[in-house]
Amino acid sequence: MAAGFDPSGRLPGAFTSAGTSSFTQFLSQVAPELLPGRRPLPPGVSGDVAPHATTIVAITAAGGVVMAGDRRATMGNLIASRDIEKVHPADEYSLVGIAGTAGVGIELMRLFQVELEHYEKIEGAMLSLDGKANRLAAMIRGNLGAALQGLAVVPLFAGYDLSASDPARAGRIFSYDVTGGPYEERAGYDAIGSGSLFANAALKKRFRAGLSIEDASRLAVEALYDAADDDTATGGPDMARRIFPVVMTATAEGTHRLTDEETAAIANAVVSGRLENPGG
Amino acid sequence: MAMQFYTNIDQIMRDRSELARKGISRGRSAVTLTYAGGILFVAENLSSSLHKISEIYDRIGFAAVGRYNEFENLRRAGVRKADLDGLSYDRRDVTGLALANAYAQTLGAIFSDQQKPFEVEICVAEVGPTPAEDQIYRLAYDGSVNDEPGYMAMGGSAEAIANVLKGAHKSDMSLTDAVKLAVKALSSVGGDGGASRTIAANQLEVAILDRARRGRTFRRLIGPVLTNILDGNGGAAAAAAPKNGKEPTDDKAAEGTEGAAKPPAPGPDKPTSSAGSADLE
C-alpha cells in the first residue's frame, strides 16, 4: 500500500475521505499497480506472449438480451484453452464478454464487476445502463498504451435497461474499440473477436427484431457455429468433450446463465441441423 | 505556537468518553441478532434514505448508531477495504474479523489522537453456514471490540433493550419471530416514564444477511414485505417480495426467509465467473 508507516494502525486517509464512489479512482490512489494500463511495458509489440480470447455475440430479444461466447483461447496456431469462459455477469442486470488478450481481459472484467458493485454499495443505487457502459469505456481507454503494444482488450457489453420506457425493448448492446467507445448497437445484434466477421454476417441474415429469449439463444449458438466454421481461432461445440458455448441472458429477472444441459440441447440441435445443411 | 497547559491524560480520556457516550445515547437504537435463516438488523430510523444499516460485502453487514457523518465515513472505508481485499485475493477471503480489526484500529487512533472522538457505535456481522458460526462484533467509540453472543443492542438505553433480547433470543427462531422480538426490544424503552411504546413500520429500517443465498446475501426488507412480517404473515410476505430495481432481489432471495435453516441453495455449484468467484447470479 502506498501509505508510509502509520503507528496508529488506522486505515489510510484515502479510505475514509469523502472522495469518489468509483472503485478505479480509489485504486489509483491506494494501489495503482492493480489497475491494468498502469504498468510500464518494455518497448515493442508483444501481442504474441499471451493467449487470445475470441468470438462473442450479443442479440437483443423481447424483454432482454442474450450474450454467448465460444470456449476457445488461442496462442498463435495453438489452442491455449478449450474451456475458457468469456461471458460473465457484470452485475445483476448486465453482461460483459471479452475478446483480445485473455489475461488483461479477465483482469479488466473483474475490475469492472467490482466497480459496479462498489458504486452500488457506496451510493445505495445502481448505475444507469449508460453509466455502466461509460465506465467500461473509460477502463478500456486506460489500457490504450498496452493495446498499442499488442495487448488489446475489446469487450462487448449488454444489459437490461431498468429505466427503459418499453420493457420489450429494454435489452441494449454496446460495443467498443481499443480507444474506448462506447457505440450502442441499434441494429439489435453485434459480434466481436476474430470470428466476428462471420458471426455478424450470419446474424445479419437471420436476426429479426422481437425474437424470444429461447430463439435468440439458439441464434447466438448458430452464429458461433458459423464463426467456428470459417475462423480457426473460434471453437465450435465440442461434442466429444461436452464443451458447449456459454450462453447468458439479462432480463427483468436479472442475469441468468443457461445450464450445461440447456446449452447442450441447443448445440445438439444446431449441429444436427448442420448435418443436413452445412451452410445453415 | 502557544504553550499548552498540562492536563492529566486520564482526565482527557474521561472527558472524551463522556462526550462520545452522551452523543451516542441521544440517538435512536439498533439491534442485531442471529436467526435460523441468517442475521437480522433492525434500526429505528426516521429517514428512508439515510441508512444506518448497509451492505459491506457478500456475507458482511454493517449497522451503526450515533452521528451520521462519522459512521458513514467508516462505512465507506469498510466497503473500500472489503472490495480492495476481494479484488486482490478472492471473494471468500474477505472476513468480518479483518474488517472489525481495521475499524478497531481506526476508532482507537481517532479516540487517542483527535480532539473529538467519533460519537458512534458500530456492529459488524458476518453470516456463517450455521447460526453457531455467525459472528457479531461490537465496535465502540474508543476502538474496543467485543464478540457478541448472537445478539446485540446499541444506542441509547442499549442495556434495557439487550435485556429484552437476552431473555427471548434463540438462534433457531424464524425471521418473523426475530423481527417481532427486535421491534419489541426497541419499543420497550422510550415511552412516557420509561414505559414501552409503538414504533410504526415506516420508522424501522430492517435488513437481513440471508444464509441461504449465494454471492451477495444482504437484502433490505421494505414496504409490504416488512408490514406483512410485522403482521405475522412472514412466509407469504417474503414470497411476494416486489422486484425493486435498486435492491438486487431474485427468486433465490425469496427462499430462506421463512426461517428454516436450509443449506445454501442447490443452484449450479459452478461459479458463474472463471476469473474470480464473483458470484453475481
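## Pro32(A) and its loop

Pro32(A) touches Leu27(A) and Arg38(A), leaving aside residues up to four places away in sequence. This proline is found in the chain A loop between helix H2 (23-30) and strand S1 (52-53). With 27% relative accessibility, Pro32(A) counts as partly exposed, because the buried class stops under 20% and the exposed class begins over 50%. Keep in mind throughout that this is a predicted model.

## Where chains A and B meet

On to the interface. Here 41 residues of chain B are in contact with 45 residues of chain A. The area buried between the two chains is about 3,800 Å², and carbon and sulfur atoms give 53% of that. On the polar side, 15 residue pairs are in polar contact across the interface of chain B and chain A, counting pairs with both residues at pLDDT 80 or more.

Which elements of chain B give two or more residues to the side that touches chain A? They are strand S3 (53-57), helix H2 (68-88) and helix H3 (96-113) of chain B. H2(B) gives the most, with 13 residues. By type, the residues on this side of chain B split into 15 nonpolar, 12 polar and 14 charged.

## A closer look at H2(B)

H2(B) has 21 residues, which at 1.5 Å a residue should span 30 Å; the C-alpha atoms at its ends are 30 Å apart, so the two agree. The helix is mostly covered, with 17 of its 21 residues buried.

## Salt bridges between the chains

Side chains of opposite charge can pair when their charged atoms come close. Between chain B and chain A the count is four salt bridges. One to look up is Arg76(B) with Glu123(A), whose side chains meet at 3.9 Å, N to O. There's also a salt-bridge network that links Glu117(A), Lys121(A), Asp58(B), Asp83(B) and Arg91(B).

## Salt bridges within a chain

Over all chains, the whole structure has 37 salt bridges. In chain B, Glu55(B) and Arg216(B) form one, with their closest N and O atoms 2.8 Å apart. Glu55(B) lies in strand S3 of chain B and Arg216(B) in the loop between strands S9 (204-210) and S10 (218-221), so this pair ties together parts that are 161 residues apart in sequence. Both partners are buried.

Glu205(B) and Arg220(B) make another salt bridge, at 3.1 Å between the closest N and O atoms. Glu205(B) is buried at 7% relative accessible area, and Arg220(B) is buried at 13%.

Over in chain A, Arg169(A) and Asp166(A) meet in a salt bridge at 3.9 Å, N to O. Arg169(A) counts as exposed, at 67% relative accessibility, while Asp166(A) is partly exposed at 33%.

## Asp70(A), tucked into a loop

Is Asp70(A) buried or exposed? At 1% relative accessibility, this aspartate counts as buried. Asp70(A) lies in the chain A loop between strand S3 (64-69) and strand S4 (73-75).

Its side chain has a couple of polar partners to check. A polar contact of 2.6 Å joins the side chains of Asp70(A) and Lys86(A), and the backbone nitrogen of Arg72(A) is 3.3 Å from a polar atom of the Asp70(A) side chain. Leaving out residues up to four places away in sequence, Asp70(A) touches Thr54(A), Thr55(A), Ile84(A), Lys86(A), Leu224(A), Ala233(A), Thr234(A) and Gly235(A).

Key:
Residues are numbered from 1 along each chain as its sequence is written. Chains are lettered from A and ligands numbered from 1 in the order in which they are written. This is a predicted model: local features need pLDDT of at least 70, side-chain atom pairs count only at pLDDT 80 or more; totals for chains, interfaces and linings use all residues. Side-chain values use heavy atoms; hydrogens and water are left out. Helices (H or I, at least four residues) and strands (E, at least two) are DSSP runs, numbered from the N terminus. Buried means under 20% relative accessible area, exposed over 50%, partly exposed in between (1.4 Å probe, protein chains only). Contact means heavy atoms within 4.5 Å. Buried area is the accessible area (1.4 Å probe) that two parts lose on being put together, summed over both. A polar contact is a pair of N or O atoms within 3.5 Å; within protein, one must be able to donate a hydrogen and the other to accept it, and residues adjacent in sequence count only if both atoms are side-chain atoms. Ala, Val, Leu, Ile, Met, Phe, Trp, Tyr, Cys and Pro count as nonpolar, Asp, Glu, Lys and Arg as charged, and the others, Gly among them, as polar. The expected span of a helix is 1.5 Å times one less than its number of residues.
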